[in-house]
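Subject: Structure handover

Hello,

Here is the structure I said I would pass on to you. Please open it next to this message, and read the notes below with it in view.

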Amino acid sequence: WKIARKYRDKINPTNNRLPEKDRDYIRIKIINKVISELKLRISKGYENIDLSLVEELVYKTLKDMDII
């Protein structure tokens, strides 16, 4: 396990932040998936869904997860 952990840390360091490009890509990808899922639910009859809150909530969640 120690050897596997050492190589994993070399490939994907856990202590370093992701590059800005990768953070933006992840954020945009999540926002697009959430909006498409919510639009699907709206088409199925769900009501009172506010799509304008998606970006703010995604940003807050990624910040809480220490990704951004």
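Leaving aside its neighbours within four places in sequence, which residues is R23 in contact with? Before the answer, please keep in mind that this is a predicted model. The residues in contact with R23 are R17, L18, I67 and I68, once the neighbours within four places in sequence are left aside. R23 itself belongs to helix 2, which covers residues 20-43. Is R23 buried or exposed? Its relative accessible area is 16%, and buried means under 20%, so R23 counts as buried.

K21 is in helix 2, and K21 is exposed, with a relative accessible area of 68%. D22, also found in helix 2, is partly exposed, at a relative accessible area of 32%.

D22 and K33 are 11 residues apart along the chain, and their C-alpha atoms are separated by 17 Å. K21 and T61 are 40 residues apart in sequence, with 18 Å between them in space, C-alpha to C-alpha.

Next, the helix pair. How do the axes of helix 2 and helix 3 cross? Helix 3 covers residues 54-64, and its axis comes within 10 Å of the axis of helix 2, with a crossing at roughly 130 degrees. The crossing in which helix 2 passes helix 3 is right-handed. On the helix 2 side, the contact is made by R27, I30, I31, V34, I35 and L38. On the helix 3 side, V54, E55, V58, Y59 and L62 take part.

Now the loop between these helices. G45 is placed in the loop between helix 2 and helix 3, and G45 is partly exposed, with a relative accessible area of 47%. The C-alpha atoms of G45 and N16 are separated by 43 Å, and the two residues are 29 apart along the chain. N48 is found in the loop between helix 2 and helix 3 too. Although N48 is not a glycine, it has a positive phi of about 60 degrees. N48 is exposed, with a relative accessible area of 81%.

Last, the rings. How many aromatic pairs does the structure hold? The number is 0. What lies over the face of Y46? R41 does, at 5.8 Å from the ring centre.

Regards

How values were computed
Residues are numbered from 1 along each chain as its sequence is written. This is a predicted model: local features need pLDDT of at least 70, side-chain atom pairs count only at pLDDT 80 or more; totals for chains, interfaces and linings use all residues. Side-chain values use heavy atoms; hydrogens and water are left out. Helices (H or I, at least four residues) and strands (E, at least two) are DSSP runs, numbered from the N terminus. Buried means under 20% relative accessible area, exposed over 50%, partly exposed in between (1.4 Å probe, protein chains only). Contact means heavy atoms within 4.5 Å. Rings of Phe, Tyr and Trp (its six-membered ring) pair if their centres lie within 6.5 Å; planes under 30 degrees apart count as stacked, over 60 as edge-to-face and the rest as tilted. A charge sits over a ring if NZ of Lys or CZ of Arg is within 6 Å of the ring centre and within 35 degrees of the ring normal. Axes are lines fitted to C-alpha atoms, for helices over the stretch in contact, and angles run from 0 to 180 degrees between N-to-C directions. A crossing is left-handed if the near helix is turned anticlockwise from the far one by less than a right angle, and right-handed if clockwise.
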